[in-house]
Amino acid sequence: MARISPILAFQLIISSLFSSFAMIPVSGENHGFVGSIDPKLFGLQNEKLTHIRLFWHDIRNGPHPSATNFGLVRMFGNALTIGPELSSELVGRAQGFYASAARKKLSLLMVQNFAFVLGKFNGSSISLIGRNSIFNKVRVRELPVVGGSGAFRFARGYAEATTTGNATVEYNIFVLHY
């Protein structure tokens, strides 16, 4: 029985791997480096609309602050709870930053991920980025949902932020996802 050299065996393995990638079924049109793909190949069946209501707690003082200053930027890792009390059940953490982004009135640029740690969305996250005019006369401010992970892959939508107390914000999030 003839023996195959290790180099030839390696080349055969690599060759078979590359040829197997060429056989992956992709439906749609191919336009060079861009092509359309059937969403069902990713298990994307029916899009859902989910409403999430939670409370965001920004603790700036005391022995365990959830936000810290760096110039005009504040990084945070805030609790997300079911109710307005900080002692209510924790459903996740808001992780991100906000920065002063206006010259005349106080308006913040907010970039944050809501990372869920409870229930059917445990391990998933929603990403928000946008302008938050916290002292605007309009009581409810709107931030876009720009993506997510886990159960919120391909997410899009918006979040309504309403200040309910001293640095406690109620978020009502309306997110389309699969």
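**View 1. The lining of the second largest pocket by residue class.** In this predicted model, in which local features need pLDDT of at least 70, side-chain atom pairs count only at pLDDT 80 or more, and totals for chains, interfaces and linings use all residues, the lining of the second largest pocket divides into 7 nonpolar, 3 polar and 2 charged residues. Here Ala, Val, Leu, Ile, Met, Phe, Trp, Tyr, Cys and Pro count as nonpolar, Asp, Glu, Lys and Arg as charged, and the others, Gly among them, as polar. Residues are numbered from 1 along each chain as its sequence is written, and side-chain values use heavy atoms, with hydrogens and water left out. A pocket is an open set of points on a 1 Å grid over the protein atoms alone, where a 1.4 Å probe fits, with protein on both sides within 12 Å along at least five of seven lines, and its lining residues have an atom within 4 Å of a point. The volume of the second largest pocket is about 160 Å³, and strand E3 (residues 48-57) contributes the most to its lining, with 5 residues.

**View 2. The largest pocket.** This pocket, with a volume of about 350 Å³, is lined by 17 residues, among which Asp58, Arg60, Leu108, Ile134 and Ala167 lie nearest its centre. Strand E7 (108-116) and strand E11 (168-177) are the elements that give two or more residues to the lining, and E11 supplies the largest share, 3 residues.

**View 3. The salt bridge between Arg53 and Glu170.** The side chains of Arg53 and Glu170 meet at 2.8 Å, N to O, in a salt bridge, defined as a side-chain nitrogen of Lys or Arg within 4 Å of a carboxyl oxygen of Asp or Glu. The pair links distant parts of the chain, with Arg53 in strand E3 and Glu170 in strand E11, 117 residues apart. Arg53 is partly exposed at 47% relative accessible area, whereas Glu170 is buried at 15%; buried means under 20%, exposed over 50%, and partly exposed in between (1.4 Å probe, protein chains only).

**View 4. The salt bridge between Glu47 and Arg156.** The closest N and O atoms of Glu47 and Arg156 are 2.4 Å apart in this salt bridge. Glu47 lies in the loop between strand E2 (34-35) and E3, and Arg156 in strand E10 (residues 156-165), so that distant parts of the chain, 109 residues apart, are linked. Glu47 counts as partly exposed at 34% relative accessibility, and Arg156 is also partly exposed, with a relative accessible area of 41%.

Notes:
Points joined across faces, edges and corners; volume = space filled by probe spheres on them. Helix = DSSP H or I, 4+ residues; strand = E, 2+ residues; numbered from the N terminus.
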